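I opened the model to look up how its parts meet. My notes are below the picture.

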Amino acid sequence: MIRRCFKWLMALLLLLITFNQLVPQQVGAKTNEQTVLFVYDSVNAKDHGDQKIQALQRTLTTQNQPTKTVAMADYKRGELNQYQAVITLVNWSQKTSVTGKYQKYWQDLAGFSGKKLHIGPNLQNFERQSFTGVWQQVTHQQYQLLDDHSQAKQLLPFTNECTLLQPTANQFTAGELINQAHQEQTYPYGVVQGEQAYLPFYQATGLMAIVATRLISQWLTATSQDIPPLLTITNVTPMSSFKELRELIDFLHRQDIPFAVSATSVQTNTELPEFRRYTKILRLIENSGGVIYLQVPYVYTSQPDQLPVLRSVMAAQLKALVKEAVYPVGISAPSFWNQDHVYQQAGLSHSKQVLLLSNPETISYQDYSATNQIFGQTLSSIPAKSLANIKRDGELDIAKLRFSIPMAITIATPTDQLTLKQAKKQIQHLTMPLANPALLNQTGRVNFGKHQITYHQDKYYLDGKYQNLTKQDVSLTEPVRQETTAGTLNNFFKFQDRALMIFLLLVLVILLSLMIVGRRIYRDKFRHKK
Amino acid sequence: MAKIMVQMRQIWRRLTRYISPALLATIAIAIIAGILLFVPPYNGYANNGDFERSMYISGLYVLPDRPYNHFNYFVRQFGIMQYFNESAATLFSSQPMIIKTAIMLNKFFYSTTIFDIRFLGVLYYVFYLGAIYLLTEALTFRMNRRRAYLLAAIMVFIFGDSSLTLYFNSFFAEPAMLISFIYLFACTLLITRRRYRHVWPLYLLFAVSTVIFITVKQQNAPLAVIVAFIFMSFIFAFQSRGAKLLVTLGTLAIIGTGVITYAKITKDFNDINQYQSMTRGVLLNAKDPGKSLQAGGINRQYALLRGLPYFETYMPQDLHGQEIKQNLLAKYNFVWILRYYLGHLDQFGELLDLAARDTQIVQVSAVGDYEQSAGKAPIAQTHYFTGYSLIKKAFYPKVFSFYLLLLVVLTGVYSYAAYQDFKHQRSENIVRLALVIGCSAMIIAVCLISIIGDGDADLAKHLFMAPLAVDLLTVLLISDILSHRLFQFVPMAETVSTSDSTEQAVMTEVQAPLSAPSQEPKAIIKSSISTKTESTLPPKLVPIKSEKTSTRTVSLHLPVGPESNTSLGESQHFPASHKQRPLLYAHQHLKKESVRGGHHD
């Protein structure tokens, strides 16, 4: 009996061990299978190629696609096989067209059976053969991009050379390119045929970005949603012009336009009245139908061991804001923050609601990460002014414009009356349905320390307790400061300090006395003695 | 015991025969600094972010395949750019010239692709030892031998301190400032004390040191006024109009160098300083910083930047953006800041006291001194031969008024001898007074410039010249006390071999009376005299220290030979006491034209 039990136990143990060994492999395999490999040939910052890379990274994060970004030069043979889909971005045609360059990658891509998307020129022969249609090389042309969903049109910049496909089979197409000189000459902008997709060129802003994201969404998930964008005021800082910002908030409130604000804060000097003036504005935003995304700080230098430092900076900012009854619903950050281990862990992980903005001119990584982080909900930014010249039936109209991924239409905070006027004009131009955070069923959560801010259906909660949007003393435990003790040696040097001063003063007094005496003797030399 | 004493004396005699105090100080510092810089574990300063300014323009880059730690560890090797260097100079400085010289040495002796910072260290090291030699020589000149060696030991303790020599293995501009200013100081003393027969190399060295000192760091541009003031005092050493004109032109050239250096400050650099002068200066101790800003017509919200330096890692606003330039930086300048401080003297006083507290901190505590391979903790500091800097840090009062008092007292103390020189138409102590005032004023000026120009940001590094000036004043004061020339003029200007040879070759350079026509060439007197005293001087000069002696000044008018060169004078004043007679005897073989007396020094 005991022997039998022992046998059963041993079998069970063996089973458990085997299961334990299998499970991580399965998870790992699954993760890799779902990951997209994003390969680019060159950053080509001169032609804003960097903006294309970060916009595509944002788009993929927004679609909850774990993505690894790698330069073609850094690609390792066989790496491709671990991924479900691959995006090839050619940013610099002259570089990629060199015969024999990046052969490892092209050879692997030719044998890859998963989803493939090629963006840009230098389409390889094996890629062309995957599509049914006639390939045409067009030079020195200008096109209008027509969004077939909304019938909105936008004039594109002049193109020197590009390869377009005139499909002959039933394929999914996104957008249409209408030749500016010969209106009857049209080509589909984006084409999806089975697992293959192609975009002849790409821009990070404007109608092209919207159409391209639809194509990517269709290619990756075979679905296309209509998600209303969120109007977002960016670049709000404690040093912004409050007069103009207040006027803009009033305007939005009066127009009943829901909005969000991406606002930075400070981790020091929070005891100053200027910080209270700032939080007063932020409370006004919350009370005017707006929500606040805490924008991560501007970073200038790379320094070692920044994980705890940044974590404490973020926690200090959130704590100070909460004390002033300001409750951010998410975190906003430039895109490069999602390509850095430190920023991901210490900055973005504070929330499941992340708004990814375009990168500033100078970026500084602490610990670069090729893989992005996925959040509960990610919004990708698109500037409102890039939509300003979109027309429909010859009129400036974007009412029918639809977005396939969660997007934030951004307007920079006004700095003076002129920019305020421009901002109001841009907002009035946004006639499409906008997202209302208050009506969304999603819950915004921001964590700091042991505390959690929750936003759900226009109500704010701190650690599960409902919060009024009026300033009150929110009790958050303060760290106890240790008092320093002065040593006896310090006291000695303090005494010695004084002694040296006294000595110098004495010397000075003696010098002055000698001077006076000397002068008297000198004068006496010339006096007549009686 | 007696045997030991005899042996000790013999060793002492042998030592002093071959090694002069200056050479001793130089050798000792060479060993101390050599161990620090060139013997494993190698020491130097880690990068605090300043290195890039001079590195890239000099054609160096951080090696990508090796760990590079800002702040934490000293990095020894860098890459040498092999192709066209497109880096533009972020600021005007003569430092890249020095680094490029080190790169040349590196390419010749070590590698054309990898630069070892120790080649820069060697360059600084060699010039520093030269500076130490000249300074010790200037200070121990005409000094009792034992006291001279004592002073040499003090020199080693002060100038061998690792807090100074650590700078050599770094791309900071401070080592060039340190070396050039010591040369400048030593040359001034050597010229006025007529230590060497040919003075033109000293004038040349003075000129080169001045140019390097002023141009190596833009912060030194205002200090050109002080250097010009010191040089201007040379006017008392000359009688001819031509020479005086040359001194005036030289003074103007020094000021011109300062003006050019100041004018070359780039916009970016100016923005950094201007920003920090506000956030780390005006706002730092203000009771209501927002109100202070508002009163000056600036958005009061910028008070929230209080205390944040320009290179703060995490900032609430884009410092490179237009907004901050338009709304903050364009709204004030240094006149605004000065006016603000004059209206808030208590706050200014607090900041100056803060500067005074940092004045004696030379070792950069924000960065590590060891390589990562040394296995030390990040930002680990070396304590090897840092006794002087540690004592200094604790010893000096931490109030700005101390330095003001020091300026007044030192000026008072040195004025007496200068007045006597002025009365007797001599120049040595007048120039020495100018040097003392210049150095004391430098301490004050450096504190003021740093606070007004950059707030308390990077204060310890910005104040580098202040502790150096204090050190130089300290050794000068000690040497003057030891040689009893604090209040007196030591009349002979001569070159004396400091060896203990019984037969000392004395080369005496005798100056013409200041009233004499300038075209009269000086006389060079070479004589061989016997001396058995311990003094490095011939016994004729010893009586000066005797307070009982009535020192009567006499003048020797010496014959001038056609072979005599440079015209600095032909006669000298001598104290005429009975103990000074050996001097007179020593020169009696020369034709004595007249003896003038009656003055009491």
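These entries go from the domains to a sheet and then to the chain contact.

**Ground rules.** I am working with a predicted model, where local features need pLDDT of at least 70, side-chain atom pairs count only at pLDDT 80 or more, and totals for chains, interfaces and linings use all residues. Residues are numbered from 1 along each chain as its sequence is written, and chains are lettered from A and ligands numbered from 1 in the order in which they are written.

**Domains of chain A.** I looked up the domain bounds, which come from an automatic or database domain assignment. Chain A has domain 1 (29-221) and domain 2 (230-467). Their centres, taken over C-alpha atoms, lie 30 Å apart. I then checked contacts (C-beta atoms, placed from the backbone, within 7 Å). Here 29 residues of domain 1 of chain A meet 30 residues of domain 2 of chain A. On the domain 1 side, α2(A) gives the largest share, eight residues. I sorted that side by class: seven nonpolar, 18 polar and four charged residues. Nonpolar means Ala, Val, Leu, Ile, Met, Phe, Trp, Tyr, Cys and Pro; charged means Asp, Glu, Lys and Arg; the others, Gly among them, are polar.

**A sheet in chain A.** Helices (H or I, at least four residues) and strands (E, at least two) are DSSP runs, numbered from the N terminus. Strands pair if DSSP finds at least two bridges between them. I found an open sheet of four strands in chain A, in the order β22-β23-β24-β25, with antiparallel pairing. Which strands stand at the edges? They are β22(A) and β25(A); each has a single partner strand, so one side of each lacks a neighbour in the sheet. From one strand to the next, the twist averages 25 degrees. Five bridges join β22(A) to β23(A). In that pair, Gly444(A) is opposite Tyr455(A). Helix α9(A) packs on the sheet and touches β22, β23 and β24 of chain A. Its direction makes about 115 degrees with that of β22(A). Axes are lines fitted to C-alpha atoms, for helices over the stretch in contact, and angles run from 0 to 180 degrees between N-to-C directions.

**Chain A meets chain B.** How many residues of chain B are in contact with chain A? I noted 35, against 35 residues of chain A. The most on the chain B side comes from α18(B), with seven residues. That side has 18 nonpolar, twelve polar and five charged residues. A strand pair also crosses between the chains: two bridges join β15(A) to β4(B), antiparallel. There, Tyr298(A) has Met315(B) as its bridge partner.

Definitions and conventions: Two residues are in contact if their C-beta atoms, placed from the backbone, lie within 7 Å.
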